[in-house]
Structure formats: C-alpha cells, structure tokens
Amino acid sequence: MNRQKKIVISVLRYVSIFLNLFKDSGYHKILSPFDGNIVPSDMIAESNISRDVFGNSLGIQPVENEVHSPCACIVERISPVGNAMLLKVGNAHLIINVGLEFEKYKKDFFKLNVVEGQRISKGQKLMSFDIEKIYKVDTNFVCTITVKQNRTSRHVSFINARHVSFDTILCTLNVL
C-alpha cells in the first residue's frame, strides 16, 4: 500500500507539472491579422507609423480581404468608418488599421463581424473589406498592426519575413 501511495503521489506531481506548462504565463503569441506581404514601418508614408509614434508597427499589403484576431483579446474601440480597431490584451493594446487614409474611405467598404466591448478569440474573423474600392481611392493602401505598451515594457521585435498568413506569429508579448 505504501508503494502505491508513492506511485500515485509521483503521478500527481508529474500531472501538475504538465498542467502548469499550459497555464497562462502572461506571454501571448501575436498572429498576423492579415494575409499578405510585409511592408517595413519606415517605408510607410504615414509619418506616425513610420516613426513608431504610437508603438512598434508593421505594415502588410493584403492579398486577402479579411482581418482576423491576432490573439484572444477585447475589442475596445472601432473607428467611425470601421477601418481600424483598438484591441486590449493584458496591459498592452494592438491597433489594427485597414488602410491609413481613413478620410477617403466610406463605411460600406468594411463589414464588421465584432462590436466594441466584445471578447474575441485568436483567429476569429474581425472584418472583411472591399480591396478594389479601397485601391480606387487610396493608391498607397497598406494595412498595419501597432503594438502599444506602457513605457516600461520592452521593445517589440516583429518577425523578419516577406510574406505572412493568418497563422504566422508576428511577435510575442509579455502582457502581465
């Protein structure tokens, strides 16, 4: 009986260690919300993005007309036109822009699949957009993702690639 107790205790200890591997550590893998080709932030005409004023940014020239959630988070804000979202993940924010010339866009260019305050899961479809209509009014059309953290957080390093898809990990954030 003593030996069986020791075996049970050992098994429980290993199960506990195994389960702790899946516990939320505060690190989140941020997936690409877009499928497309990378445009470095310093190559983007919008000066606030190119100078990383709001946070570290990455541009993507989309080849698909959908935007997916880069991680489990909360939709904090949606722009009046519907082309941009502020997503909250822990103590960080992600800013997603479908195009940067919002004053040229019409609301019917975008179809939202989420609302403000909604909890969303990783990979969930956030919106779709009409690429052809956007390119007609914005010849420099590019989508961006910006990581906005408090000043004490570390620098974000994005993936070094030419093309990303919806399952590509762009970066990892410590959001505790």
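Predicted model: local features only at pLDDT ≥ 70, side-chain atom pairs only at ≥ 80, totals over all residues.

User: Which strands are joined to strand S2 by bridges?

Analyst: Start with the general idea. In a regular strand, side chains alternate between the two faces of the sheet. Now the case here. S2 covers residues 36-39 and runs antiparallel to S3, residues 56-62, with 4 bridges between them. Within that pairing, isoleucine 38 has isoleucine 60 as its bridge partner. S2 is also joined to S12, residues 163-164, by 2 bridges, again antiparallel. There, asparagine 37 is partnered with histidine 163.

User: How many disulfides does the structure hold?

Analyst: A disulfide covalently bonds the sulfur atoms of two cysteines. The structure holds 0. Take cysteine 171: the nearest cysteine sulfur belongs to cysteine 71 and lies 9.0 Å away. The cut-off for a disulfide is 2.5 Å.

User: Is cysteine 171 buried or exposed?

Analyst: Cysteine 171 is buried, at 4% relative accessible area. Cysteine 143 is buried too, at 0%.

User: Which residues touch the most other members of the largest nonpolar core?

Analyst: Nonpolar side chains tend to be buried together in soluble globular proteins. Here the largest nonpolar core has 37 residues, and Leu87, Val98 and Phe110 touch the most other members. Elements supplying at least two residues each include S3, S5, helix H3 and S13. S7 gives the largest share, 4 residues.

User: What is valine 98 in contact with, leaving aside neighbours within four places in sequence?

Analyst: Among its contacts are Phe34, Tyr105, Phe110, Met127, Ile134 and Cys143.

Definitions and conventions: Residues numbered from 1 in each chain as written. Heavy atoms only, no water. Pairing = 2+ DSSP bridges. Buried < 20%, exposed > 50% of the residue type's maximum accessible area, 1.4 Å probe, protein only. Core = buried A, V, L, I, M, F, W, Y, C linked by side-chain atoms within 4.5 Å. Contact = heavy atoms within 4.5 Å.
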